[in-house]
Amino acid sequence: MEKVQGEMEIERWERSEEMSDAEKKVIQETWSRVYANCEDVGVSVLIRFFVNFPSAKQYFSQFKHMEDPLEMERSPQLRKHGMRVMGAINSVVENIYDSEKVSSVLALVGKAHAVKHKVEPFYFKILIGVILEVLAEDYANEFTSPEVQRAWAKMKSLICTHVTAAYKEEPPGDSGDGGGRSISKVTEPLPQT
């Protein structure tokens with residue numbers, strides 16, 4: 001089977017490196033400062049995500065019509081979803097020393113988005129990249145060291161690997177076409193993070 005460029009990039013991103021205990025500690029320390037402002041950070045992340053990748057809004061009937069970032073910021077539905085995103089990451093961070101719990105949390109997220117919401121898997125990779133961009137800008141003092149950046153790069157890989165694993169499991173009776181979740185549908189370039 002011939003692979004398109006985007007698929008090769010995604011496969012490369014799906015390999016996750018093991019995090020050291022020191023890196024896990026760095027993740028928890030930096031995240032504690034971020035999570036203190038989780039609602040505002042979640043909203044900032046989603047606004048940037050939807051402004052830069054507007055095709056992602058197709059999965060959100062409550063705010064897919066919104067174009068104006070200020071209107072998005074005021075949307076209770078967008079705020080609620082931002083809190084869900086931040087809460088899921090917080091669950092991973094809180095349980096970072098328990099790999100089974102992390103796998104379980106991320107598998108639930110992946111399955112819900114693959115089966116129930118039918119979200120294309122590449123959007124997770126994009127979203128995690130946007131999250132890291134926002135954190136690096138809004139928490140520049142905490143995210144400047146190479147150690148912190150390396151730890152969060154591994155966290156990004158961990159999240160993407162576990163969430164997108166749900167997309168590889170074919171549901172019973174599936175025709176093998178991935179349920180229409182073709183990588184070739186990408187309409188915006190993947191961010192370079």
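Modeller: By class, the residues lining the largest cavity comprise seven nonpolar, no polar and one charged. Here Ala, Val, Leu, Ile, Met, Phe, Trp, Tyr, Cys and Pro count as nonpolar, Asp, Glu, Lys and Arg as charged, and the others, Gly among them, as polar. This is a predicted model, in which local features need pLDDT of at least 70 and side-chain atom pairs count only at pLDDT 80 or more, while totals for chains, interfaces and linings use all residues. Residues are numbered from 1 along each chain as its sequence is written, and side-chain values use heavy atoms, with hydrogens and water left out.

Rolling a probe the size of a water molecule over the atoms shows where empty space is left. On a 1 Å grid over the protein atoms alone, a cavity is a set of points where a 1.4 Å probe fits but cannot get out; a pocket is an open set with protein on both sides within 12 Å along at least five of seven lines; lining residues have an atom within 4 Å of a point. Grid points are joined across faces, edges and corners, and a volume is the space filled by probe spheres set on the points. There is one cavity of 30 Å³ or more, and the volume of the largest cavity is about 50 Å³. Its lining consists of Ile-89, Ile-128, Ile-131, Leu-132, Trp-152, Met-155, Lys-156 and Ile-159.

Helices (H or I, at least four residues) and strands (E, at least two) are DSSP runs, numbered from the N terminus. At least two lining residues of the largest cavity come from each of helix H7 (122–138) and helix H8 (146–168). H8 gives the largest share, four residues.

H8 also packs against another helix. Two packed helices are described by the angle between their axes and the distance between the axes. Axes are lines fitted to C-alpha atoms, for helices over the stretch in contact, and angles run from 0 to 180 degrees between N-to-C directions. The axes of helix H6 (residues 99–116) and H8 come within 7 Å and cross at roughly 50°. H6 is therefore oblique to H8, since angles under 35 degrees count as roughly parallel, over 145 as roughly antiparallel, 65 to 115 as roughly perpendicular and the rest as oblique. Residues of H6 in this contact (heavy atoms within 4.5 Å) include Val-102, Leu-106 and His-113, and those of H8 include Ile-159 and His-162. By class, the contact of H6 with H8 has nine nonpolar, four polar and one charged residues.

The axes of helix H2 (residues 21–35) and H5 come within 10 Å and cross at roughly 150°. H2 is therefore roughly antiparallel to H5.

The largest pocket has a volume of about 670 Å³. It has 28 lining residues, of which Phe-60, His-81, Val-85, His-113 and Phe-124 lie nearest its centre. Helix H3 (38–52), helix H5 (76–94), H6, H7 and H8 each give two or more residues to this lining. H5 supplies the largest share, eight residues.
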